[in-house]
Protein chains: 2
Amino acid sequence: MLKEAVYHRPKDNFAYMYDQDTLHILIQTKKDDLKSVSLIYGDPYDWKEEKWQADSKPMRRSGSTDLHDYWFAEIKPPFHRLRYGFRCKSEEEVCYFTEGGFFDSMPNDIANYFCFPYLHAVDLLSSPSWVKDTVWYQIFPERFANGDAALNPPDTLAWGSAKPTPENFFGGDFQGVIDHLDYLVELGVNGIYFTPVFTAYSNHKYDTIDYMQIDPQFGDKKAFRRLVDACHKRGIRVMLDAVFNHSGYYFPPFQDVLTHQEKSRYKDWFHLWEYPVTTEKYPNYDTFGFVGSMPKLNTSNPEVKNYLLQTAKYWVEEFNIDGWRLDVANEVDHSFWREFRQAVKSIKPDVYILGEIWHDAMPWLRGDQFDAVMNYPFTNKAIDFFAKQEITAPEFAEAITKVLHMYPANVNETAFNLLDSHDTPRIATLAGGNKNKIRLLYLFQLSFIGTPCLYYGDEIGMTGGHDPGCRACMEWDEDKQDQQLLSFVHSLIGLRKNEPLFGNHADFRFLETPNDKCVVYEKSDKTGRLLFFLNNSSNGTLLTSSKFANKTDSVEWCLS
Amino acid sequence: MLKEAVYHRPKDNFAYMYDQDTLHILIQTKKDDLKSVSLIYGDPYDWKEEKWQADSKPMRRSGSTDLHDYWFAEIKPPFHRLRYGFRCKSEEEVCYFTEGGFFDSMPNDIANYFCFPYLHAVDLLSSPSWVKDTVWYQIFPERFANGDAALNPPDTLAWGSAKPTPENFFGGDFQGVIDHLDYLVELGVNGIYFTPVFTAYSNHKYDTIDYMQIDPQFGDKKAFRRLVDACHKRGIRVMLDAVFNHSGYYFPPFQDVLTHQEKSRYKDWFHLWEYPVTTEKYPNYDTFGFVGSMPKLNTSNPEVKNYLLQTAKYWVEEFNIDGWRLDVANEVDHSFWREFRQAVKSIKPDVYILGEIWHDAMPWLRGDQFDAVMNYPFTNKAIDFFAKQEITAPEFAEAITKVLHMYPANVNETAFNLLDSHDTPRIATLAGGNKNKIRLLYLFQLSFIGTPCLYYGDEIGMTGGHDPGCRACMEWDEDKQDQQLLSFVHSLIGLRKNEPLFGNHADFRFLETPNDKCVVYEKSDKTGRLLFFLNNSSNGTLLTSSKFANKTDSVEWCLS
């Protein structure tokens with residue numbers, strides 16, 4: 001047995017509350033090394049005749065990556081307390097793995113065992129229940145639709161008349177969104193994530209000037225209220241973008257610093273290195289990246305914290321928004337986010353808190369900060385396999401299995417699964433225009449665990465490279481929209497909504513990768529299962545289900 | 001290379017802020033598998049010509065357990081941000097380990113690398129600076145000294161006239177402690193940890209009746225104030241015991257529940273399963289263990305939370321205590337402890353918060369909850385090796401190395417290192433009366449990283465088995481005290497205080513285990529080093545330093 005590869009540590013993805021009575025416990029072992037693993041467990045205080053009263057339960061192999069197997073068990077401790085260890089069986093030996101290390105026989109000293117001391121409902125990571133059934137649509141407001149020409153900023157270009165650049169404007173606004181809500185309803189989305197809408201300088205609005213005002217090119221607060229109400233009336237939730245890591249250059253407190261320097265009452269709102277504060281040649285203050293026009297906010301300053309938390313509460317309280325997506329969330333302190341969660345959930349307990357974190361985000365997903373993060377590890381692997389064909393089917397299956405084992409199931413079920421965004425090239429471009437690849441991407445995304453997000457225009461085949469290319473004006477001319485793709489996406493969303501096994505209410509696991517281009521996976525629950533055969537090649541061999549399905553009660557359905 | 005054994009995940013003990021500018025980064029590999037490891041690192045936004053600007057730095061092997069090696073590097077990222085990976089070199093191969101897995105050559109796509117997004121001072125685990133130089137002394141107030149007979153509870157026995165039982169009383173009180181403070185000063189301790197002092201039913205006082213009152217057998221608030229002031233005058237800090245997991249049976253809110261049942265306004269203060277609430281045959285409510293007289297408090301009820309937090313603040317604010325030791329801390333919810341930290345630190349920022357957790361306590365030591373925990377993993381291994389001789393010297397060295405690598409260095413430096421307590425047999429009993437073993441235990445404890453605690457009476461050789469045996473009356477008859485041991489402990493505390501290398505201001509590492517009974521370790525810093533040769537056998541072979549020490553500038557000192 002390769003003991004060096006065995007890993008378990010309580011909490012995080014290895015031992016966590018799934019609900020207030022249920023623990024999920026997992027252990028990592030070397031791939032294909034163990035024949036079986038059992039969970040040894042009991043209440044820490046349950047002793048008879050100086051012997052701890054432990055029980056045992058087989059664990060199931062929940063998935064494998066390139067190097068490791070993961071084993072899983074679910075348990076409901078009657079007194080909400082648990083001590084536990086693992087009985088590991090390989091071809092040659094049996095041993096017991098505990099916090100105290102490995103033993104040849106089951107240790108009686110309870111100090112050796114792992115501990116989950118108590119299941120407290122208040123510590124449970126509990127996302128809003130509506131999120132699990134939400135299909136998101138991401139809108140970059142400047143580029144979705146121009147519904148009120150009177151609001152056009154200076155030098156606004158005719159809709160779609162030019163390529164998007166970092167500086168040009170096309171006049172997208174809230175009225176434009178309202179005008180097209182029926183399109184979104186018809187498509188089946190029931191959540192919109194808006195990139196920033198507050199007063200800012202640029203077309204992307206990530207350089208905030210006033211967190212309490214709607215950017216005049218999009219409308220005013222009345223228009224925003226109309227928009228939110230119109231969405232809610234149609235069963236669509238609204239999520240805004242909170243850019244709290246940094247402000248824009250024209251944020252008045254930063255302007256005050258530039259003007260009054262060390263005499264500015266806002267000098268502690270930022271991370272200034274020296275005086276005079278200058279943006280030339282390099283900024284001498286902390287910034288987002290090295291971008292002088294985005295000075296980093298000092299979120300541990302109580303004044304700044306108070307200002308931003310008031311902002312966060314204001315848009316929830318006054319406009320009833322349903323979620324906050326947190327920009328550059330990983331570079332803001334954990335303390336701030338803990339207070340942020342308390343603040344917004346105190347106003348509206350079922351607000352969704354979504355962090356922008358591209359890497360492993362476990363430290364933000366322990367119940368005290370975010371509900372979910374943008375699942376870029378999912379994105380990257382889906383793109384690498386389906387669009388770019390840079391990894392093989394087994395590599396893809398192992399990588400996705402790894403993604404699923406990085407976090408608790410609670411996190412996976414509300415993970416924000418995107419295929420692209422305003423920060424990446426569009427899928428049509430990544431797939432080299434290959435419609436079949438795009439269809440497979442959507443099929444995989446929309447049948448996967450989590451809460452999927454479509455980037456505006458992808459569903460009609462819009463192309464575009466990296467920012468600013470991916471931020472083109474939405475194509476509203478139906479003749480220029482890929483109606484077949486739109487119809488396909490519409491069908492998938494329908495399946496996701498109407499078939500619980502297809503949607504977010506079933507377990508996911510890979511069954512096989514018959515060759516380098518094909519993956520077979522299932523979605524299952526107690527009521528049954530769906531089998532998926534995805535062939536990412538131009539070789540038309542039809543994958544058959546004979547190996548997996550019980551023919552007598554199965555129905556085949558082929559999307560070709 | 002055994003890739004399956006390689007482990008790293010940012011935060012916790014693998015990547016953490018040591019101070020507001022410094023990161024410590026560690027990686028686990030299979031024991032004796034790698035020849036070298038280098039840290040590959042850079043600012044995430046530092047790119048030139050589409051190439052990430054990464055640097056590299058050798059890591060040093062900081063220790064080995066039975067299965068693994070740990071490699072360590074310290075780094076000060078100039079912009080407080082870091083992306084990083086590891087270059088791993090074995091006899092046969094070189095590869096790169098990142099969040100994205102293993103690569104044969106260094107990946108250019110930064111998405112693969114591990115991320116420590118930003119070093120925020122506010123997220124730093126920062127214990128009070130005074131703790132590092134504190135030698136604690138634990139007092140069980142009922143059994144330390146009876147200084148005011150007028151306070152004796154009914155049926156108080158003459159001091160030391162009987163063996164301790166779960167029910168008997170000897171009249172220990174605050175005046176008794178005050179009377180013997182000079183003894184403690186002379187011994188060299190500068191912190192006292194008192195087990196509970198609030199009104200309670202039992203002699204141990206862990207079954208609180210009134211959290212806002214001093215138990216009348218110990219004195220009143222005036223006496224407590226005199227005690228704290230007398231301690232502070234002598235440079236001794238005072239830590240009290242907060243029993244917030246459960247109350248006592250006679251806690252008025254619980255009595256109210258028993259009387260008024262579902263009509264009690266306190267019914268949500270506990271975790272009741274059904275009515276009528278009864279303690280017979282088994283309690284039908286959550287308890288500490290299965291002890292009906294210790295009903296578990298509902299610490300997520302805002303009323304209970306408010307009551308307990310007011311209590312916690314009260315004793316700090318009104319009596320200027322210096323620390324809270326948190327009883328059964330692991331079974332109280334994390335949310336409560338986060339608020340607890342905010343509450344007490346808002347009153348006195350340098351209060352020490354010490355959790356009673358016997359197992360791996362990483363989830364409580366992330367900067368948002370405790371400063372430290374009672375280091376029972378250290379205790380157990382020290383006892384197993386020095387007192388019981390149940391493990392060999394290599395096993396001991398590996399186990400202690402594992403303990404040191406479980407937590408960030410910040411945690412280790414203020415870990416509460418005890419050899420025994422009111423909850424365990426005394427060291428003299430565990431060592432079977434062997435004075436040399438006791439001396440080695442003290443030598444190891446007092447030269448180790450962390451903040452050591454002596455259990456009252458151990459220093460004069462008192463014996464006693466498990467609770468209640470370990471709770472005997474302090475022996476004040478000097479003829480019955482082991483003066484040699486007392487003098488030895490006194491010397492060690494003196495060395496710890498006067499020699500920074502001996503104390504808590506140097507790095508610790510094992511150098512060798514020449515045989516199953518002997519360990520060699522060093523304490524070192526930039527100024528020099530101390531070598532320790534501990535021989536835990538009756539075989540008098542003197543271990544020599546020739547292999548390790550530079551004879552020309554070394555001085556040998558032998559405690560025999």
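This is a predicted model: local features need pLDDT of at least 70, side-chain atom pairs count only at pLDDT 80 or more; totals for chains, interfaces and linings use all residues.
**View 1. A:Lys437, a buried lysine without a salt bridge.** Local features need pLDDT of at least 70, side-chain atom pairs count only at pLDDT 80 or more, and totals for chains, interfaces and linings use all residues. Residues are numbered from 1 along each chain as its sequence is written, chains are lettered from A in the order in which they are written, and side-chain values use heavy atoms, with hydrogens and water left out.

**View 2. Surroundings of A:Lys437.** The residue sits in helix α11 of chain A, residues 435–447 (a DSSP run of H or I, at least four residues, numbered from the N terminus). A polar atom of the A:Lys437 side chain lies 3.1 Å from the backbone oxygen of A:Ala387. Beyond neighbours within four places in sequence, its contacts (heavy atoms within 4.5 Å) are A:Phe386, A:Ala387, A:Gln389, A:Ala431 and A:Asn536.

**View 3. The interface of chain B and chain A.** The two chains bury about 5000 Å² between them, 53% of it on carbon and sulfur atoms (accessible area, 1.4 Å probe, lost on being put together, summed over both). B:Glu4, B:Arg9 and B:Phe290 supply 14% of the area that chain B buries, more than any other three residues. The contact takes 59 residues from chain B and 60 from chain A.

**View 4. A salt bridge between B:Arg9 and A:Asp360.** Their side chains meet at 2.7 Å, N to O.

Conventions
Helices (H or I, at least four residues) and strands (E, at least two) are DSSP runs, numbered from the N terminus. Buried means under 20% relative accessible area, exposed over 50%, partly exposed in between (1.4 Å probe, protein chains only). Lys and Arg count as positive and Asp and Glu as negative; His and the chain ends are not counted. A salt bridge is a side-chain nitrogen of Lys or Arg within 4 Å of a carboxyl oxygen of Asp or Glu. A polar contact is a pair of N or O atoms within 3.5 Å; within protein, one must be able to donate a hydrogen and the other to accept it, and residues adjacent in sequence count only if both atoms are side-chain atoms.
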